[in-house]
Amino acid sequence: MKKFYNNKFCKTNTNRSHRTIEDQFFFLGMIFAVVAGAFIFLSQFLPLQLRLPPCWFHLISGYYCPGCGGTRALRALLHGRLLLSAWYHPFVPYAAVIYLYFMATQTIEHLSHGRFPIGMRYHNYIVWTAVALIIVNFILKNLLHYFYGLIL
């Protein structure tokens, strides 16, 4: 059975032997969850002091790179400060929400063996929204820094 999808004809996933992009993302998401969980678990018992090197783009130009604020946003998000995380870098909470929703719906679909087909599907607009968030964040931070001297 074929259906029209993204201007291409592709087979629908009626047989589980054909791995869809959602299946591949789900597998990668599970690996990410295990690695992140192990890191968080170990960081509770080992005195880890991670110091990231300074941003070369910021050192050379004096302006913020497209990723500046990502680490602070992740820390704020892990401490439950969603609005502060969005202020530092809006991509981080966006990616966290998309990841959690995707993993939750795909887990339900996988555990029910397809009886509840509620799994989030891949769409290009998800990626384009992320790219737009990064670009707008980059431009706004640098405009505020240039015109008002704000250090964000």
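Is Phe 32 buried or exposed? Phe 32 is exposed, because its relative accessibility is 51% and exposed means over 50%, buried under 20%, and partly exposed in between (1.4 Å probe, protein chains only).

This is a predicted model, in which local features need pLDDT of at least 70, side-chain atom pairs count only at pLDDT 80 or more, and totals for chains, interfaces and linings use all residues. Residues are numbered from 1 along each chain as its sequence is written, and side-chain values use heavy atoms, with hydrogens and water left out.

Aromatic rings come next. Six aromatic pairs are found in the whole structure; rings of Phe, Tyr and Trp (its six-membered ring) pair if their centres lie within 6.5 Å, and planes under 30 degrees apart count as stacked, over 60 as edge-to-face and the rest as tilted. Phe 25 and Tyr 122 form a tilted pair, because their planes are at 45 degrees, with ring centres 6.0 Å apart. Phe 25 lies in helix α1 (residues 21-45) and Tyr 122 in the loop between α5 and α6, 97 residues apart. Tyr 122 is partly exposed, at 22% relative accessible area.

Phe 32 pairs edge-to-face with Tyr 99, at 5.4 Å centre to centre and 80 degrees between the planes. This pair links helix α1 to helix α5.

Note on methods
Helices (H or I, at least four residues) and strands (E, at least two) are DSSP runs, numbered from the N terminus.
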